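Subject: Structure handover and findings

Hello,

Here is the structure for your files. My notes on it follow below the entry.

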Amino acid sequence: MSESVLNDLYELTREMSRIFDTVPTRGLGKWPETNVYESPEAFVLVSKVPGVAKKDIDISIKDNTLTISGERKPPKREDAKSHLSERFFGAFERSYLLNQKIDTDGIRAQSENGLLIIHLPKMVEAKPRKIQIA
């Protein structure tokens with residue numbers, strides 16, 4: 001896949017996300033909330049996943065699209081009656097189209113204090129480099 005096609009798909013995905021993020025969804029459409037950072041060497045995604053066990057999260061990557069899916073299970077309270085429930089419980093899935101090729105062998109993920117942190121190193125040929133004139 002050529003780099004210009006990947007860039008076009010990335011921009012289209014960003015624009016579609018911007019459009020659909022304005023639609024009211026009771027907060028469910030954007031869950032899990034995620035920040036994406038980029039350095040010359042890697043992308044880093046930091047998602048809020050409080051109350052979700054590691055075993056209940058799946059992370060996959062295919063065709064430069066990273067997908068995070070899982071389930072936040074409600075607490076079992078047989079001795080109490082719920083009067084207010086604002087937290088989202090249930091299955092979730094969110095995909096992120098990356099505009100550069102990723103070294104899939106170097107991907108690392110960790111879950112700590114309610115945050116899921118995913119390090120996605122860029123492929124060597126995707127990293128910017130300066131070319132010296134001989």
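Lys 48 counts as partly exposed, at 45% relative accessibility; here buried means under 20% relative accessible area, exposed over 50%, and partly exposed in between, with a 1.4 Å probe and protein chains only. Its salt-bridge partner is Glu 33, with 3.1 Å between the closest N and O atoms. A salt bridge is taken as a side-chain nitrogen of Lys or Arg within 4 Å of a carboxyl oxygen of Asp or Glu. The pair links distant parts of the chain, 15 residues apart: Glu 33 lies in the loop between helix 1 (3–20) and strand 1, and Lys 48 lies in strand 2. Glu 33 is partly exposed as well, at 43% relative accessibility.

Before the rest, the conventions. The model is predicted, so local features need pLDDT of at least 70 and side-chain atom pairs count only at pLDDT 80 or more, while totals for chains, interfaces and linings use all residues. Residues are numbered from 1 along each chain as its sequence is written, and side-chain values use heavy atoms, with hydrogens and water left out.

Overall make-up

From the N terminus on, the order of elements is α-β-β-β-β-β-β-β. Of the 134 residues in the protein chain, 25% are buried. Among contacts between residues at least 6 apart in sequence, 55% join residues at least 24 apart; a contact means heavy atoms within 4.5 Å.

Four strands make an open sheet with antiparallel pairing, in the order 1-2-7-6. Two strands pair if DSSP finds at least two bridges between them. Strand 1 (34–38) and strand 6 (108–112) are at the edges with a single partner strand each, so one side of each has no neighbour in the sheet. Neighbouring strands are turned by 15° against each other on average, direction ignored. For such angles, axes are lines fitted to C-alpha atoms (for helices over the stretch in contact), and the angles run from 0 to 180 degrees between N-to-C directions. Strand 1 and strand 2 (residues 42–48) run antiparallel and are joined by five bridges. In this pairing, Asn 35 is opposite Val 46 of strand 2.

Six bridges hold the antiparallel pairing of strand 3 with strand 4 (residues 65–72), and Ser 60 is opposite Thr 67 in strand 4.

Charged residues

How many salt bridges does a search of the whole structure find? The search finds four. Apart from the Glu 33 and Lys 48 pair, one of them joins Lys 122 to Glu 38, with the closest N and O atoms 2.6 Å apart. Lys 122 is buried, with a relative accessible area of 4%, whereas Glu 38 is partly exposed at 48%. Lys 122 also lies over the face of Phe 43, 5.2 Å from the ring centre. The criterion for a charge over a ring is NZ of Lys or CZ of Arg within 6 Å of the ring centre and within 35 degrees of the ring normal.

Lys 55 and Asp 56 meet through their side chains in a further salt bridge, at 3.5 Å from N to O. Salt bridges that share partners join Lys 55, Asp 56 and Lys 73 into one network. Is Lys 55 buried or exposed? Lys 55 is exposed, with a relative accessible area of 67%. Asp 56 counts as buried, at 16% relative accessibility. Asp 56 sits in the loop between strand 2 and strand 3 (57–62). Leaving aside neighbours within four places in sequence, Asp 56 is in contact with Ser 69, Gly 70, Glu 71 and Lys 73.

Regards

How values were computed:
Helix = DSSP H or I, 4+ residues; strand = E, 2+ residues; numbered from the N terminus.
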